[in-house]
Every structure is written in C-alpha cells, then in structure tokens.
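Please read the following note with the model open beside it. The points are numbered so that each can be checked in turn.

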Amino acid sequence: MKIGIIGATGKQGHTTLKEALSRGLDVTAIIRNKRKLTEEVPFIEKDLFDLTATDLAPFDVIVDAFNAPPGQETLHQTSLDHLITILANTKSKLIVVGGASGLFIDSKKTMVLGDTPGFPESAKPTAKSMRNALADLRKVTNFDWTYLSPAAFFNPNGHKTGHYQIAGDILTKNEKGESEISYADYAIALVDEIEANSHHQERFSVVSK
C-alpha cells in the first residue's frame, strides 16, 4: 500500500508521517519545500493546487493534512475542492485531517460547535471554511473518502498515550468530561484508519480516553 501525505512537514502532517513510518508503511511526502523535510522518505515537491491526477495516481491512500495560513482561511475549502476534482473516478482513498467546529453539540443536531456562544471570533473563518469543505466532500460519490475530526481541544503538545475512542458527528467527551485529543493520538487513529479502512464516505471523530 502506497500512502501520500499532503502537508507532511506541517504539525499534524509531520506527526502522521512519523506514525506511518514507525509502522513500516510506504509513505511519500507531498510538500511545497523539500528543505523542511527532516525524514529520509520519497517526496513530491509541488504546491497542492498544482497537483494533478497523474501525480496522485500511484497512491492507494492520500492524506490531506493541508492547513490554510491565517488570512487565507478559504483555502481549506478551495484546496479540498481541487483534490475532489483530481481524484474523481480514481481508486485512491482520501483521508482528510478535519476540524472539530462542524461537530454537533447535542443529539438533536441543532447546533454545531462553531456556532456556540463563546466560540472565538478569530477561529470562525477557519470553522466556516472547513464546514463548507466537508459539505462539498459529502456530495462526492465517485471515489472513497474519510473525514476525521479531532476533539474540541486538539492539543499539539499532548502526550502520546496510544489510546482514543471513536465517535461520530456529535462532540464527545471522555470519562473526565473533556473533549481533547493530542496530535500524536490523532495520528494513531488516522493511521489505524489507513490500515483498517473502516470508514467509507463519512466523517468520524476521535477523543482521548
């Protein structure tokens, strides 16, 4: 199985790259700047928007760990739309490193996290774009995809525990009453999904135990 990771030098992309390599998987980094790559792995040095169907054809799984820079939040949606276009009618599976802002906060699905009182104004452009991107992805039926949402607090400095629990579209808390997961444990969940291939054309979420 060949895996391509878009954004493999970013925070979550790099954590996912290391997790995949630790399991002996065949991974290629798809990056804009090879000088930022610290692992000895095959790479494609190309901007996401310049990627073609031919570039991605060799891969069984594409991980989209692209992260839009501040002030360019709409790239969350436009970048995923580009991938949707070039992966149409292919056999590759797309796994998207998603956001938590689109998770519903109750079982009636009356409100998503990004619309709750107290949600930071500075985070709303990203939340809106990522929710729009997920809406676009949910219309896709001509290739396989999975959208993986983290818990509300996506902790870049959290410990790698090796444990997590799977949830669906509703924001889930652990037994401590917290909605949190570390980058490291999220990466474990994502690579587990690569290996198990359990979720097809759906979004699921993960939270720490």
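1. Glutamate 121 and lysine 124 form a salt bridge, with their closest N and O atoms 2.8 Å apart; a salt bridge here is a side-chain nitrogen of Lys or Arg within 4 Å of a carboxyl oxygen of Asp or Glu. Glutamate 121 counts as exposed, at 57% relative accessibility, whereas lysine 124 is partly exposed, with a relative accessible area of 33%. For these words the cut-offs are under 20% relative accessible area for buried, over 50% for exposed, and in between for partly exposed, with a 1.4 Å probe and protein chains only.

2. Before going further, please note that this is a predicted model, in which local features need pLDDT of at least 70 and side-chain atom pairs count only at pLDDT 80 or more, while totals for chains, interfaces and linings use all residues. Residues are numbered from 1 along each chain as its sequence is written, and side-chain values use heavy atoms, with hydrogens and water left out.

3. By the rule given above, the count of salt bridges comes to 13. One of them joins the side chains of aspartate 169 and arginine 138, at 3.0 Å from N to O. This pair links distant parts of the chain, 31 residues apart, since aspartate 169 is in the loop between β8 (165-167) and β9 and arginine 138 is in the loop between α4 and β6 (144-149). Helices (H or I, at least four residues) and strands (E, at least two) are DSSP runs, numbered from the N terminus. Aspartate 169 counts as buried at 19% relative accessibility, and arginine 138 counts as partly exposed at 39%.

4. Another salt bridge brings together the side chains of arginine 23 and glutamate 19, at 2.9 Å from N to O.

5. Aspartate 64, in strand β4 (residues 61-64), deserves a separate look. A polar atom of the aspartate 64 side chain does, however, lie 3.1 Å from the backbone nitrogen of phenylalanine 66.

6. The largest pocket has a volume of about 1300 Å³. A pocket is defined on a 1 Å grid over the protein atoms alone, as an open set of points where a 1.4 Å probe fits, with protein on both sides within 12 Å along at least five of seven lines, and lining residues have an atom within 4 Å of a point. Volume is the space filled by probe spheres set on the points, which are joined across faces, edges and corners. The lining of the largest pocket has 42 residues, and those nearest its centre are Ala65, Phe66, Asn67, Ala68 and His76. At least two lining residues come from each of α1 (11-22), β2 (26-31), α3 (75-87), α4 (124-137) and β7 (153-155). By class, this lining divides into 24 nonpolar, 12 polar and six charged residues; Ala, Val, Leu, Ile, Met, Phe, Trp, Tyr, Cys and Pro count as nonpolar, Asp, Glu, Lys and Arg as charged, and the others, Gly among them, as polar.

7. The second largest pocket holds about 210 Å³ of space. Its lining is made of 13 residues, of which Thr161, Lys176, Glu180, Ser208 and Lys209 lie nearest the centre. Strand β9 (residues 180-182) gives the most to this lining, with three residues. The class counts for the second largest pocket are one nonpolar, seven polar and five charged.

8. Most residues other than glycine have a negative phi. Asparagine 197 has a positive phi, near 50°, and glutamine 201, in the loop between α5 and β10, has a positive phi of about 50° although it is not a glycine. Asparagine 197 counts as partly exposed at 35% relative accessibility, and glutamine 201 is partly exposed with a relative accessible area of 34%.

Technical notes: Polar contact = N/O pair within 3.5 Å; in protein donor to acceptor, adjacent residues only side chain to side chain.
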